[in-house]
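Subject: Handing over the model, with notes

Dear colleague,

Please read them with the model open beside you.

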Amino acid sequence: MSTLYQSFLIAVRALRVNKMRALLTMLGIIIGIAAVIAMVAIGAGASKMISDQISSIGSNLLLVLPGSTTSGGLRSGAGSNQTLTYDDAMAIKAECPSVGAVAPQVRGSGQVVYGNQNWSTVVYGVTPDVIQVRDWTITAGRNITQSDVDGATKSCLIGQTVADNLFGAADPIGKIIRIKKIPFTVVGLLGQKGQSPQGQDQDDVIYVPLRTAQRKLLGSQFPNVVGSIMVQAKSGEVLDQAEEEVTALLNQRHRIGPSREVDFTIRNLSELLALTAQSSKVMSILLGAVASISLVVGGIGIMNIMLVSVTERTREIGIRIAIGAKRRDILLQFLTEAVLLTTCGGIIGMLLGVAGARLVASLVGWPTLVSVNTIVIAFAFSAGVGVFFGFYPARKASSLNPIEALRYE
């Protein structure tokens, strides 16, 4: 321990003598560590933002969409045919053991008016289960009930964006709004969801009872038809089983045989979440790898400077060996200098990296997530660079012939 402490003091003294050269030597490590931490923080922040947006749709979800149509040999895209019904949704809820909740819905748009305020928004006809399926909260008032659906009542839930534009800071519960000139009573205020993965404002929405939308608001020619069905499995473990059960049931109900084209599509939203998370993880690793290149460049710079230092201090090394210093002492001295350079550079780089990530978050509005593990790994890597690139100059110094070193001018 005494030998290590003496080597540390000698290393500090040597670096203090050449402050500017030491700072320039650390510059590569500083930039490398700062870049690694900042890039990984930006990548992790983006990954979390995307995951939060997808999770805001709901958990353990299957989205059942109507199928395509074929007319005169021409095929239309998915959703062009009205093939799903309210009865399909109720059958899924009743006959699929792995399904926890089902939310059929129809979608439209319309101008909403309250007093002298108006706002154009998206209107959904839904059932009470939509709150559970979408993992939504109601911050004020109540949910739509099954009685509202069966009786086609003129009640509605509104999103936070709609509430802000129509009511400002006032309480919207119990107020009468007009959707397409039809009066509706606001019975509940939805909690804030934020942006969807497609960039849409999920809070810019109004929910009305499904039967009300079908019969009075959206003017559907087929009052029992729904635009889509959201299915929530009881757990993530039975999600694939739920998909199989829903597929089999709809094939049976729609009489889908070997010779008939499937008239519905099922999308597993959890697979989308997993795929997006994996893509974001790969992007974070890629950003970190690119930034790590500067660490290698900084390490090469340290090795070059240390080799120059060995040449400049050849006579000093000869004197130390002549008065009794062992070769391992010389090796430890120069290795300590290299590690001290990279460690100091790593500390400065960590501070700059965290500051840079926060600066990006505040100026650009891009989310960043600084991980303690990333900081620890980056710091350990910087120390490892010092050992790796400092070993050769230190070994060269310890291998000098003391007689030749004393003669060196």
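A search of the whole structure finds 0 disulfides, a disulfide being a pair of cysteine sulfur atoms within 2.5 Å. Of the cysteines, C156 counts as buried, at 0% relative accessibility, whereas C344 is partly exposed, with a relative accessible area of 30%. Here buried means under 20% relative accessible area, exposed over 50%, and partly exposed in between (1.4 Å probe, protein chains only).

Before going further, please note that this is a predicted model, in which local features need pLDDT of at least 70 and side-chain atom pairs count only at pLDDT 80 or more, while totals for chains, interfaces and linings use all residues. Residues are numbered from 1 along each chain as its sequence is written, and side-chain values use heavy atoms, with hydrogens and water left out.

The chain as a whole

The secondary structure comes to 13 helices and 12 strands, taken as DSSP runs (helices H or I, at least four residues; strands E, at least two) and numbered from the N terminus. Of the 409 residues in the chain, 45% are buried. The accessible surface comes to about 20,600 Å², and 60% of that belongs to carbon and sulfur atoms; the areas come from the Shrake-Rupley method with a 1.4 Å probe, and for residues only the protein chains shown count as cover. Among contacts with a separation of 6 or more, 77% are between residues 24 or more positions apart, where contact means heavy atoms within 4.5 Å.

Strand β9 and its partners

Strand β9 (residues 182-190) is largely enclosed by the rest of the structure, because 7 of its 9 residues are buried. Two strands are said to pair if DSSP finds at least two bridges between them, and on that basis β9 has the following partners. Strand β6 (residues 138-141) runs antiparallel to β9 and is joined to it by 3 bridges, with G141 standing opposite G188. Strand β7 (residues 155-158) runs parallel to β9, with 4 bridges, and I158 has L189 as its bridge partner there. Strand β8 (residues 176-179) pairs with β9 in the antiparallel sense over 4 bridges, R178 being partnered by P183. β8 and β9 form a hairpin with 2 residues between them, and K180 in the turn has a positive phi of about 55°.

Within β7, S155 counts as buried, at 4% relative accessibility. Its side chain makes a polar contact of 3.1 Å with that of T153, a polar contact being a pair of N or O atoms within 3.5 Å (within protein, one must be able to donate a hydrogen and the other to accept it, and residues adjacent in sequence count only if both atoms are side-chain atoms). Leaving aside neighbours within four places in sequence, S155 is in contact with D148, F184, T185, V187, Y207, V208 and P209.

The buried residues of helix α3 (residues 86-95) are Y86, D88, A89, A91 and I92, and they pack against β4 (99-114), α5 (146-150), α7 (210-217), β11 (228-233) and α8 (239-253). In helix α9 (residues 269-312) lies I300, which is partly exposed, with a relative accessible area of 37%. I300 and F388 are 88 residues apart in sequence, and 9.7 Å separates them in space, C-alpha to C-alpha.

With best wishes
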